Structures are given as structure tokens and as C-alpha cells.
Amino acid sequence: MAERIIIIGSGPAGLTASIYTARANLKPLLFEGFIEGGIPGGQLMITSEVENFPGFPEGIMGPQLMANMREQAEKHGTRIVTEDVTNVNLSVYPFEVVSMSNETMTAEALIIASGATAKRLPLESEKKYWGRGVSACAVCDGALPVFRNRELAVIGGGDTAIEEAVHLTQFASKVYLIHRRDELRASKVMQKRVMEHSKIEILWNKVVDEFIGDGKQLGGLKLKDTVTGSLSELSVVGCFEAIGHLPNTGFLKGQLETTELGYIKTVPGSTQCSIPGVFIAGDVQDSKYRQAITAAGSGCMAAIEAERWLSEKD
Ligand SMILES: Cc1cc2nc3c(=O)[nH]c(=O)nc-3n(C[C@H](O)[C@H](O)[C@H](O)COP(=O)(O)OP(=O)(O)OC[C@H]3O[C@@H](n4cnc5c(N)ncnc54)[C@H](O)[C@@H]3O)c2cc1C
């Protein structure tokens, strides 16, 4: 017998969708992932303090927030499978979902909440200072006390990098924008914004060669000039990588329409995609906000839309 609903992903979007669908008595089955697209629990598992998720005035550690959501999902009856989905077939109905153990499940409705993965620089020293000054999200981490009134850096040259740099100027004494080329990819409006900003200095033709510090906290960056090859040091206590995100859509094998950047397309204002009965929530469809609360919000929307779609079909 087909499942009423299968949810793919255990970040804030997938777990919120599972809490709502479980409470609507749809007995959701949730694939929480294993390796693909990060670890079960999603992106908040690799961060420390989350200060902007409502309900936690003192802040909460990312892994603890996700453990709470998982517990709440299970308490309401979500069945959780710790496996990656490797394949889906959306051209048949009920939809087919194949997982790592090669088992094929079928579902009357699907919620895809497989998130996105922030691209990171492939340096050993980056791993060492990850969460100790190195982050991939200025909106999330920029306001932490350790970064206040200090010099910070953003890596990247697109709109996101500029947004992050401008955002950081509220807290930092100065922000360096490190870009590997001699011109920005960002839109003209954004370029103007950054170039005219008194607190932002652009370091052209530079890449990070090494993250340096005392082992506990980032203290600076070793930069390499992409034209001359010369090395220099920059003293910063925070560095935000804004070099893009990869939506986790490999298992879909092109069955759903995506944007140029690979995000799944949804009907504006809803979580519906090009196939009725398939609903998309969280960062896998959101290149704009990419926050835990917006992911959770769209997980709720997907659950309500799926529930209504199923009851109309019935
Ligand atoms: C370093 C960092 C710090 C952050 N800090 C904050 C913060 O302080 N506040 C804030 O609001 N936001 C923060 N964010 C952003 C926030 O984490 C994301 O917006 C949010 O997690 C997105 O939720 P999601 O459910 O859409 O996806 P994700 O959290 O990306 O979860 C995706 C889930 O899908 C699963 N998955 C992927 N592929 C498969 C598959 N094939 N089969 C089964 N499962 C699969 C993964 O295992 C994972 O469980 C931060 C992000 C990063 C990277």
C-alpha cells in the first residue's frame, strides 16, 4: 500500500512539514538523509549558536534545535528513516521513492525538503577555523559578540557576497570584500552600493591561501594575488564565505523544473511545483532568504497544501 505522504529531508523545512502532517493524521514517513546534502538535521547541525530562531531568547545551539524538532516530529508519530533517497520516479502515480537500501516505497504525496549545501573553500585551515570565525552565513552569524566592532572579511563577488558585506557593516568596524577577479559579478545597483560604502574595501584579484589564527579563533587570512602570485596577510577575526550554494537535487535526476542556479521552481506564494502532488519546501527552492525560520515556514505551507491536495483527491 502506498504511503499517504513521504517527506525527504530533516532540516527545519522537512521536520516542520512532518510535525504538521503527523498532526493531520497523515502518518508521514520521513527520510532524514545520511550523507547526501549534509547530515541528518541539515545545515544547522554544522553551526553553533542560533540567536534568531523565535522562542529562544538566550539563543540555542543549532544541533540542539534540530534534536528538539526531531523529537517533536517523532512524538506526533512521524516515522523516520536514516537513509538517503537515491532516486524518485515522478512520472508514475503513486510516486516512487528509492532509498539507499534499494527499497522502493510509493507515496500519494511528496514533500521535498532536501535543502542546499553552502559551497566552501577546500582548505584544511578552513575546516580548522569553521565555526571559530569562519562561516557561510553573515545574516546568521554576523551579529555574534565576537564579531562586533572588529574587522571582518567576505569572500565572493556576486549579489549575495555584497548583501553579506553590507549586512556586516552594521556590526563590524570594517569589512573587506575579497574577490578573485578585477570586476564584480553582482548587479550594477549592488556594485554601486558596495563601492560607495565607507566601511567596505574591495580587495581585487585576491584568493584566500590559508586561514590563520591561534588554533581557537581566526586571526587573519593569507591572501594570494591571482595576477602576480604574491602573498600578503590580512588581519580579521571573521570571514564569511559567500561563494554560492548547491541545492540538493541530485536524486531528482532532472524531473522537476529548476532555476538557472538549480533551485526547484515553485508557483510564487505556494510550495507547488510542476507536478501536482509534489510540494517543495525550504532552501531547495529558496535562493533568497535561506533562513531556518523561512525554511520551517515553507515546511508548514507544504504540509497544509499537501493535506488539502490529498483530501481534494480523496
Ligand atoms: C553555517 C551556517 C549557519 C547558519 N546559521 C543560521 C542561523 O543562525 N539562523 C538561521 O535562521 N539560519 C541559519 N542558517 C541557514 C539555515 O541553516 C538554513 O536556511 C536551513 O537549515 C534550511 O533548512 P532546510 O530544511 O531547507 O534544509 P537543510 O537544513 O539544508 O536540510 C536539508 C535536509 O535534507 C537532507 N537531504 C538532502 N539530500 C537528501 C537525500 N537525497 N535524501 C534524504 N535526505 C536528504 C539532509 O540530510 C538534511 O537533513 C545557517 C546555515 C549555515 C550553513
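Modeller: Asparagine 149 sits in the loop between helix H4 (138–141) and strand S11 (151–155). Keep in mind that this is a predicted model. The phi angle of asparagine 149 is near 55 degrees, a positive value in a residue other than glycine. Is asparagine 149 buried or exposed? Asparagine 149 has 9 other C-beta atoms within 10 Å, so it is exposed. The cut-off for exposed is 12 or fewer.

Now take arginine 290. Its phi is near 45 degrees, again positive in a residue other than glycine. Arginine 290 lies in the loop between strand S19 (278–280) and H7. Arginine 290 counts as buried, because it has 20 C-beta neighbours inside 10 Å.

Proline 94 lies between strand S6 (85–89) and strand S7 (95–99). The peptide bond from tyrosine 93 to proline 94 is cis, with omega near -5 degrees.

Next, the overall layout. The protein is divided into domain 1 (3–117 + 245–313) and domain 2 (120–241). Their contact takes 5 residues from domain 1 and 5 residues from domain 2. The domain 1 side of it has no nonpolar, 3 polar and 2 charged residues. The C-alpha centres of the two domains lie 31 Å apart.

Last, the ligand. Both domains give residues to the shell around the ligand, so the ligand lies between them. Helix H1 (12–23), strand S9 (116–118) and helix H7 (292–313) each supply at least two residues of that shell. Of the 44 residues around the ligand, Gly11, Gly33, Gly42, Gly115 and Gly282 come nearest. The shell divides into 21 nonpolar, 18 polar and 5 charged residues.

Key
Residues are numbered from 1 along each chain as its sequence is written. This is a predicted model: local features need pLDDT of at least 70, side-chain atom pairs count only at pLDDT 80 or more; totals for chains, interfaces and linings use all residues. A residue is near a molecule or strand if its C-beta atom, placed from the backbone, lies within 6 Å of it. Helices (H or I, at least four residues) and strands (E, at least two) are DSSP runs, numbered from the N terminus. Ala, Val, Leu, Ile, Met, Phe, Trp, Tyr, Cys and Pro count as nonpolar, Asp, Glu, Lys and Arg as charged, and the others, Gly among them, as polar. Domain bounds come from an automatic or database domain assignment. Two residues are in contact if their C-beta atoms, placed from the backbone, lie within 7 Å.
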